[in-house]
Amino acid sequence: MFCLPALALYGLFVVVPLVTAFYYGLFRWEGIRQAEFVGLGNYGEVLTRYPLSEEIPTALWHNVLFFVGTMAIQNTIGLGLAVLLYRNPRGKRFFQTVFSLPYLISPLIVGYIWSLLLSPAFGPVNFILRTVGLESWARPWLGEPDTALPVLILVNAWQWVGGPMLIFLAALGGIPRELEEAAAMDGASAFRTFWSVRFPLLMPAVGVITVLTFIGCFNIFDLVYALGGSDGGPGGAMDVLGLLYYRTAFEGGTNAIGESSALAMMIFACVFGVSVVLERFLRRREVTL
Amino acid sequence: MTGPVAQVRRRRLPGLAAQLMLWIYAAIAFGPLVLVALGSFRSNADILQRPVGLPDSLDLGNYLRAWETASVSTYFTNSILVTVGAVALCVAVSATAAYALSRWRFPGRALLAAFFLSGLMIPAKLGLLPVFYMFQSMGLIDTRLGLILLYAASGVPFSIFVIMGFMRGLPTELEEAARLDGAGEGRLFVSVALPLMRPALAVVTVFQFAPTWNDFFYPLVLLRSSDRYTIPVGLTRFFGEFATDRAALFAGLVIALVPLALIFAFATRQIISGLTAGMSR
């Protein structure tokens, strides 16, 4: 009985729409009129009909690159900062706060902040580059297909790096000091101690962070929208699945409902499936004390 | 041989390097926000001439332009209304449900808990199109109430997850004692469980506040009239209309950030314990 209000709210506005989206995807639509049942026809259509047949692989690839880049940059920096703070607890609270400050800002606002900072002629970033003599580096960061996606990865990392840092910091704090001391006693170098003793014990944290990063990277929408508009920046260099879904659903053709629902289901299956597999896989590699 | 002295010396130098790196990253994290704040007090001509620089005076003209001419005040009020409503509703229903799920034994309990928690992995946004048509038939399109219900609903899984995790660590003696004294279940919940849950409720409130305040996708699709826009959609309109008025844009961004800055200032501890909630299993 106590569960009813939560159940009603969650069921009606979260679960039912997802189930309905699946159901919608099984029909062909004419505008908002539901036409005949086509089974998985929409799925086939989405995957084979131009331009979606080309946009989907491109967008998916950008999501994958974005995930890989984020793991490599954001989470490595997060781990680095966590280790630095763990070894040098002086001012830990202050740094912790400053590093996770951008965490709270809306990705959309982060996008707008950076689009102002990175704007070609009057942006502070290019201004600083020119001032320190790196004039050749100054460029329209978000206007060139080559730099757009890397900039997206960096801006996103700037925002979220506090998350992995805090999780790693908590995990580091949970590792008993004796283990390291024992390793040091056996003559292991600092690097070796970290790699062979501490890192394996951080695997649960790595697992949590990997799954969270994956979900975050495949759900990204706001930041890209702010940095590059709904088309995904110059030449679609930042086009991702979230933007593609939005365009198909709300700027699509007559069968928009059918196609976008099929697309939504495929994205969902991909994100959900991969997170479950990732979680299983990483959990198996955990080391317990 | 490495005596204690040698060890201290070996640690000190890297210590300095580490401090330096920490400060450098602090500048990277904080610098952009400082630039935005500084820009919000400068004039457009000044910004165009020198993109990085200090304001001449604490001129609030940009803020006034953003607040009134660009109707950021309307967006701000809407955001407050929607966020407070949604968070209150979400915390209320989640606290009751989490209490029942962690304290009562009833058939299907584990299944129900799993049903709620599976929502943590579901990208709720993919159900947007059905939500759109459902709202249309319920007359909730272009209303703030619709947004409140939607946000409250999508916050339920996380809130239940955090509160249940917290309840698991709480002793049940107090509740048993109250039950022996003849308190009913409703009474038990309100007078005994709720006060005990307070730390978890604080975490949940802080954690629902930011994403709700920040959300852009739902209002982008579900709202039509600009006098109901929340801050994020309002900002896209603002950035379109005032594209050349950079100073006002900076001021608008600062206004959008103020509530979050306040939350952050008052609730850093809750935020940090919430971020690491997933770790304690």
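1. B:Arg42 sits in the loop that joins helix H1 (4–39) to helix H2 (44–49) of chain B, where helices are DSSP runs of H or I of at least four residues and strands are runs of E of at least two, numbered from the N terminus. B:Arg42 counts as buried because 23 C-beta neighbours fall inside 10 Å; a residue is called buried if 20 or more other C-beta atoms lie within 10 Å of its own, exposed if 12 or fewer, and partly exposed in between, with the C-beta atoms placed from the backbone. Leaving aside neighbours within four places in sequence, B:Arg42 is in contact with B:Ile47, B:Pro55 and B:Ala247, a contact being two residues whose C-beta atoms, placed from the backbone, lie within 7 Å. B:Asp56, 14 residues from B:Arg42 in sequence, is 7.0 Å from B:Arg42 in space, C-alpha to C-alpha.

2. A word on the basis of these remarks. This is a predicted model, in which local features need pLDDT of at least 70 and side-chain atom pairs count only at pLDDT 80 or more, while totals for chains, interfaces and linings use all residues. Residues are numbered from 1 along each chain as its sequence is written, and chains are lettered from A and ligands numbered from 1 in the order in which they are written.

3. Which residues does B:Gly119 contact, leaving aside its neighbours within four places in sequence? They are A:Tyr10 and A:Val14 of chain A, together with B:Val156 and B:Pro157 of chain B. B:Gly119 belongs to the loop between helix H5 (109–118) and H6 of chain B, and it is buried, since 20 other C-beta atoms lie within 10 Å. B:Ser154 is 35 residues from B:Gly119 in sequence, and their C-alpha atoms are 8.0 Å apart.

4. B:Pro157, one of those partners, is found in helix H7 of chain B. With 22 other C-beta atoms within 10 Å, B:Pro157 is buried as well. Beyond the neighbours within four places in sequence, B:Pro157 is in contact with B:Phe116, B:Leu117, B:Gly119 and B:Leu120.

5. Please look at the backbone of B:Asp142, whose phi is near 60°, a positive value in a residue other than glycine. Most residues other than glycine have a negative phi. B:Asp142 lies in the loop between helix H6 (128–138) and helix H7 (144–168) of chain B, and it is partly exposed, with 15 other C-beta atoms within 10 Å.

6. In chain A, the axes of helix H2 (residues 41–48) and helix H14 (residues 256–284) come within 9 Å and cross at roughly 85°, which means that H2(A) is roughly perpendicular to H14(A). H2(A) contributes A:Asn42, A:Tyr43, A:Glu45 and A:Val46 to the contact, and H14(A) contributes A:Gly258, A:Glu259, A:Ala262, A:Leu263 and A:Met266. By class, these residues divide into 5 nonpolar, 2 polar and 2 charged.

7. Chain A as a whole has 14 helices and 2 strands, and buried residues make up 42% of its 289 residues. At the interface, 58 residues of chain A are in contact with 66 residues of chain B. Helix H1 (residues 4–24) of chain A gives the most to the side of chain A that touches chain B, with 11 residues. That side of chain A has 46 nonpolar, 10 polar and 2 charged residues.

Methods:
Ala, Val, Leu, Ile, Met, Phe, Trp, Tyr, Cys and Pro count as nonpolar, Asp, Glu, Lys and Arg as charged, and the others, Gly among them, as polar. Axes are lines fitted to C-alpha atoms, for helices over the stretch in contact, and angles run from 0 to 180 degrees between N-to-C directions. Angles under 35 degrees count as roughly parallel, over 145 as roughly antiparallel, 65 to 115 as roughly perpendicular and the rest as oblique.
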